[in-house]
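User: I would like to learn how to read a structure feature by feature. Can you take me through one, step by step?

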Amino acid sequence: MAAILDQIEPLKQAALAEFGAASDLTALEQARVSYLGSNGKFTALMKQLGSLPKEEKPAAGKVINSAKAELEAALARRREELELKAALPKEPTDFTLPGRRRVLGRLHPLTQVTEAIVRSFRKIGFVVADGPEVEDDYHCFDALNTPADHPARDTQDTFYLAAPAGAAPALLRTHTSSVQIRVMRKQPPPVRIIVPGRVYRRDNADATHNPTFQQVEGLYVDRQVTVGDLKGTVEFVFKELMGPDTRIRFRPHYFSYTEPSFEIDFSSALTRKMGKEWLEIAGCGMVHPQVFENVGYDPEVWTGWAFGFGIERIAMIRYGINDIRLFYQNDLRFLSQF
Amino acid sequence: MKVTFNWLKEYVDFDWSPADLAERLTMLGLEVEGVEKVGGEFDGIVVAEVITREKHPNADKLSVCRVHDGTGERQIVCGADNFKPGDKVPLILPGKTLPAKPGEAPFTIKVGKIRGVESHGMMCSPKELGLAEDAQGLMILRPDARVGQPFAEYLGGAQSDVVYDLEITPNRPDLNSVIGIAREIAALTGNELKWPEVKLSETEPGAETWVRVRVEDGELCPRYNARVIRGVKIGPSPAWLAGALEKLGVRSINNVVDVTNYVMFEVGQPLHAFDYRLLSKSPGAACPTIVVRRAGAGERFMTLDGQERILAEGMLLIADETKAVALAGIMGGQNSEIQPDTTDVLIESACFKPQNIRATSKRLDLRTESSYRFERGSDIGICDWASRRAAQLILQTAGGSLAAGAVDACAAPIRPRQVTLRHAKVSELLGVELPPEAIENYLSRLELKIVGRKPRPVGAPAGPSEPVTFAIPTFRVDLKREVDLIEEVARLYGVDRIPATPPRGAIGANAYDAVHDELAEARRILTGLGLFEAQGQTLISASAAALVAAGSAVSLGKPLSSDMDTLRPSLLPGLLDALQHNISYKTYDVALFELGRVFQTQPASGPGAAPEIREMRRAAIALTGRRQPLFWSGEDREAKFDIFDLKGLVEEFCEQFGLRGLSYVRRAEPTALFLESAVIQLGRLQIGELGQLQPMLARKYDLRDAVLLAELDLDQVLVRRITTRSFKPLPAYPAIRRDVAMVVPETTTHEAILQVVKQAKPAHLESVELFDVFRGGNVPAGQKSMAYAFTYRSGERSLTDAEANASHQRLVEQFKQRLGAVIRE
C-alpha cells in the first residue's frame, strides 16, 4: 500500500508539469492520454487499487481520486488557455485601421433648414400648406393687391411661360404668397398655415441669386389678430431657429399685400460674427383689407398677418455659406457637410 | 434716393448725429442702405488738369497723360477714354487712400509701373469716389474748378457732410425728395418743416402773353403749369449748385438745367426747361401754344439723348402747334433743349397719370429720374410752387426777368382725398392702446387735417372717439383707406414700442400638412439607404428635357439663357447634371436622390382649349461609381454599381414606404435616355421607370462608369401606399426548407417562375427565395440554372418531412411541366 501511495504524488507532479508544458491542444491531448487515457500511467495506478487489502482501499481511493480530480481540473484550465490562444489571430489586430463603413445619406441643407422652420411653427399650431409653382397673374399679383400697373411689380421680375398667341401666359410664382390666396379662397377663417416652396425670379445666377430659390410663408387669420401677435410669433420662431440670444426688430416697409408692412432684422451671435449688428431677414405685415375682400373674407371681422423669408438666406447665415449656387450644384463635398 | 445730412438740416431742425439720423430714418421705414462721409474722406484727392494725353506705347486701351495738380506736373497712366487735354478731373495722389466701400478693404494708391510706364497717382471715376453706383470713365469736373483745390472743397466747401442712400419703397413717391424726407423728420420730432421762402419779382408781362396751354387729354395730364423767364444767360452753375448735384451723383450741365434737377431733388417735382425760341407758333398766333396730346401710332421723336423713338398710340407728348417737343414726363426732345445761347426759357411743371408714364417708359425701355417719380405718383398740389422755386433759382444763377404768374391748366379742381378713421381700429390692429388724442396728433404731424367727425349717436358720451375724417395732403398718394392711416400711427408711435404677445388662437388645418410628413418620411428612408439628397434647378435646357419628355415639356416665354429655358419634366436631367458636376471635381462615386416637382403639358382637353400644365411630384435616384466606400481589403471592394443595386434600392424604398406588389416590365427597345430599362408597374398603372443610361449620353456628360437612374411618380406612390401595420403572431412550429435548382431557358424570367409557384399554391408554403443564378459549367448555352429555397410551415402543428416533401414534389412537377425545367440533383 505504501508503495502505491508513494507513487501518486510524483506521478501527479509529473502530469501537471507536462500539462503545463503542452504548447498546443494536440500536445495537451497527448499528455492527457499518457496519464489519464485508458492505458495511461495514472489509470494504471488506479487499477492497482484493486489489489490492495479491503481495509486500505477507502483511504487509498480517497487520495487517488483527489489527485485525479486535481489533474482533470488542471487539464481543463490548460485546455481553455490553449483554446483561447488558438482562437487569437496570428498577428494582433491593428485597431487603428479604418473600419468598413456603411454609408448613411444626408438630407440637403435646404431640406434640413425647411424642416427646422416647419418644426418650430408646428409647435405653435401652424400646419403646412402647399400650392402650385406654375401660377397666374391673379393669384401671384392681382389678388395680392398688386395690379398690372403697380410699381411694385417692377421689383419682381417674373418668368412667364410660353403661351399660344392671345392666351394669357402662365407664370412661375415669384413668391409663396400666392398660396395665401388659394388657401383663403378654399377655406373659411381662421387660417394658420406655413408654406415652404420654390419660387422664381428672372435673376441671372451669381453668388447671391439663383433663378430658383425657396421661401417660407406664414399666414395667420383670426379675430383680433394684432401686430403684437405678429411680433410674438416672429420672435418665437427666430429664437428657435437662430438661438435663444436672437433679437428681432421691425422696421416700417412697404408690400402691396400687407398694411402696415414691416421688414424684420435680427441680431445674434451669428450676425455679429458677420460684422453686423442687424441683418435683414424677412418681410411681414398685417394682411391688407383689400386682399381679404378679394378672397371673400370680411375685413371688419377678420384680421391677420403674413410673413415670408428666404430659406437659402437662413441656411447661408446658419452655416456660413457664401454662394447660393452651391445649393443647386449637389456637390457631394458640399452635401456631406450638413 | 440719395440725400445729405446738411441738406436735410436746411429744412428741419434735429439734434441727432449722422448715425442717429440713419437709425431714425431706418426705423421710420426709409431704410438706409449706405452711408458715406463726404469731406474727410477725400483726403489726398485734388482737382487736376489734364495737359497732354498720348497713347500708351505698350497697350491699346491705356493712355499716358501729363496732368497738373496745382503744385507741379506728374505722369499718370489711365484706362478711361472719356477725357481730353484741358479737362479737370479728380486726382488721387500716391500714398493716399480711396474711400472704402462697405465691406471692402480701403485701397491705397502707390507709384508703380503700368505696362512699363510709371504712373504717379490715379485719375478717378465717380464710382471709385463712391459718388455713383456705376460710371463709365473719369469724373469730368466743371471748367471753373480750381487746379490744386482739395476735391472735398470743390464738392461744396470744406465742410464735411454725410450722404445717405435710402431705399424708398414704391408706395412713397413723396420721399424721393429732400423736403419729403425732412417732412418725415419734422413729423417725428414735432419740429416745423422750413420751406424755402420764394419771393419773385415779376417784371415781364403776364405768362399768358407768352404761351398758351391746351391739354387734349385731361385724364393723362391733370395739370400743366408753364412759366416763362426771359433774358437768361446760360453758363456753368455756381459751386453750391453743382456741388449739391454732384454729391448725389448727378453731373452738372448748365445753370438752368441744374436748377430744374435741383428742384426735383429738393421737392420731388420733375421739371423741364424748354428753349422758348424753339417753340413754334401757328401762323397768325400771338404766341406759341403748348399742346399736351397723345402720339399717333408710329410717330417718330428724337429725345435729347439723341435716340429716335418710335411711338405708339396712347403715349403722351408735349408738343407745339407743329411738332412734338417732349415725351411727357420722361424726357425732353432734342429740338427744344436748352442751348448755350438760349435766352428765353419755358419751365414745365406738370402732373401725369402714373400708369401711362410707366407703360410708355417700359415700352420704350427708357427710364429717367423724371419717369421714376411720375410713374409712382407725383404731387399735383406742388406744381406751381416747384415752378416758382425754379424761377427763383434761375433768376439767381442765370439772371433774366420773369413773366408774371403762370399758365396753369388744371383739368379738375384739386380736391384732397378723404379717409375716415375709427380710433378703436388702431388698437385692434396694432395690439397697443392709444388715446384718440395721440392718434390724431400723430396724423396731424403728417399734415393730415381733420375735416369732420361723424355725429355722435343720441345718448352716447361726448368725446373725440367718434370716427374722424381726415383730408389727405396731395403728396401722400399712398394713403387711401383706414388701414393706411393706422400704419402711419404705428410708424410715428414706433414699431419697436409695440409689445410682442405670445402666440395664441386657432390651431391651423390643411390637407397638405400630412403630405409634408409623408415626403419627409420618404427622404428619411432614402438617406437611410445611403443616398444623399440633391436639389436640382427647376429650369433646364430644352435639349435635356427632350431626353425624357419629347414634346410635353413646358417652355419659358422669355428665358434668361438657353441653358434654362424649360421647366424640368423629370428630375433625371438635373441628377445627370449633378453627376457631371461631381465627376468634374473628381468625386467618382455618387449616389443621389431628389424629391421634387416636375412640369409637363397635358394635351388640350378639347379643340381650341389651351394645353394644361401639370405639376407632379417625383422621386428619383442616380448611381454611378463604386458600390461601397473605399476599404483596404477584400475581393469585391472595387465593385461598381449595377442595375441590381438600383433595383434593390427601389425595392427597399417601396417596401419601407408601404408599396407592395410592384412589377418590372422590360422595355424592348432603348429610349432616348436609357440603354436598357424597365417600367415599374403597380397592377396596370405605370408608376416609374429604372434603367441604365445610354453610353453615348454618358460620354456627353463625361460619366465614365455605368449610370443607373430610376424615377417614381410620387403622387401615385402617396395615393397607393399602405401604411397600416397589423401584428402576426410569431410562428409556433418549426419550418422545413427544401431547395431546388433547375435549368431553364434564358428567356424564362424569375417572374415566370414565381407565377408558376403562385398558381400551384403548394400547401404550407411560407416563402420562396432565389439564392443562385448560374451559367456555364454543365449548364447548356442559352440556358441558366436557378436555385430557389422553399420554406414550408404550418400554423397549427409541426409539419412532417413527408408532408413537406409531398407538397414540394408537386411544385417541382409543375416546374417541369410548365417551364420545361430540368431539375439538377
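Analyst: Start with strand 7 of chain A, residues 258–267, where A:P260 lies. Keep in mind that this is a predicted model. The peptide bond joining A:E259 and A:P260 is cis, and its omega is about -5 degrees.

User: Where is A:P190, and what is the form of the peptide bond from A:P189 to it?

Analyst: A:P190 sits in the loop between helix 7 (178–186) and strand 4 (191–200) of chain A. The bond from A:P189 to A:P190 is cis, with omega near 0 degrees.

User: Next, backbone phi. Which value does B:D365 have?

Analyst: B:D365 is not a glycine, yet its phi is positive, near 55 degrees. Its place is the loop between helix 7 (354–364) and helix 8 of chain B. B:D365 has a relative accessible area of 61%, so it counts as exposed.

User: And what is the phi of B:H764?

Analyst: Near 70 degrees, again a positive value in a residue other than glycine. B:H764 is in the loop between helix 19 (750–760) and strand 38 (765–774) of chain B. Its relative accessible area is 29%, so B:H764 is partly exposed.

User: How should I read a salt bridge? Take A:K123 and A:E240.

Analyst: Check the distance, then the location of each partner, then exposure. The side chains of A:K123 and A:E240 meet at 2.8 Å, N to O. A:K123 is in helix 5 (residues 109–123) of chain A and A:E240 is in helix 8 (residues 227–242) of chain A, so the pair ties together parts 117 residues apart in sequence. A:K123 is exposed at 57% relative accessibility. A:E240 is partly exposed, at 37%.

User: What does the pair B:R230 and B:E204 tie together?

Analyst: Distance first: their side chains form a salt bridge at 3.4 Å, N to O. B:R230 lies in strand 13 (residues 223–230) and B:E204 in strand 11 (residues 204–206) of chain B, so this pair ties together parts that are 26 residues apart in sequence. B:R230 is partly exposed, with 27% relative accessibility.

User: Are B:R476 and B:E488 buried or exposed?

Analyst: Both B:R476 and B:E488 are buried. Their side chains meet in a salt bridge at 3.1 Å, N to O. The pair links distant parts of the chain, twelve residues apart: B:R476 is in the loop between strand 26 (468–471) and helix 12 (482–493) of chain B, and B:E488 is in helix 12 of chain B.

User: Which residues do salt bridges with shared partners join into one network?

Analyst: A:R249, A:R251, A:E263, A:D265, A:E280, B:E23 and B:E31. Over all chains, the count comes to 85 salt bridges.

User: What about a buried charge such as B:D379? Where does it sit, and what does its side chain reach?

Analyst: B:D379 is buried and has no salt bridge. The nearest side chain of opposite charge is that of B:R183, 5.3 Å away. The cut-off for a salt bridge is 4 Å. B:D379 is in the loop between helix 8 (369–376) and helix 9 (383–398) of chain B. Its side chain reaches the backbone nitrogen of B:G381 at 2.8 Å. The side chain of B:D379 also reaches the backbone nitrogen of B:F475, at 3.5 Å. Beyond its neighbours within four places in sequence, B:D379 is in contact with B:Q269, B:T474 and B:F475.

User: Last, domains. How far apart are the centres of the two in chain A?

Analyst: Note the bounds, then the separation. Chain A is divided into domain 1 (2–87) and domain 2 (109–335). Their centres, taken over C-alpha atoms, are 89 Å apart.

User: And in chain B, how many residues of domain 1 are in contact with domain 4?

Analyst: Eleven residues of domain 1 of chain B are in contact with eleven of domain 4. The C-alpha centres of these domains lie 24 Å apart. Domain 1 of chain B covers 2–38 + 164–189, and domain 4 covers 418–497.

Key: Residues are numbered from 1 along each chain as its sequence is written. Chains are lettered from A and ligands numbered from 1 in the order in which they are written. This is a predicted model: local features need pLDDT of at least 70, side-chain atom pairs count only at pLDDT 80 or more; totals for chains, interfaces and linings use all residues. Side-chain values use heavy atoms; hydrogens and water are left out. Helices (H or I, at least four residues) and strands (E, at least two) are DSSP runs, numbered from the N terminus. Buried means under 20% relative accessible area, exposed over 50%, partly exposed in between (1.4 Å probe, protein chains only). Lys and Arg count as positive and Asp and Glu as negative; His and the chain ends are not counted. A polar contact is a pair of N or O atoms within 3.5 Å; within protein, one must be able to donate a hydrogen and the other to accept it, and residues adjacent in sequence count only if both atoms are side-chain atoms. Contact means heavy atoms within 4.5 Å. Domain bounds come from an automatic or database domain assignment.
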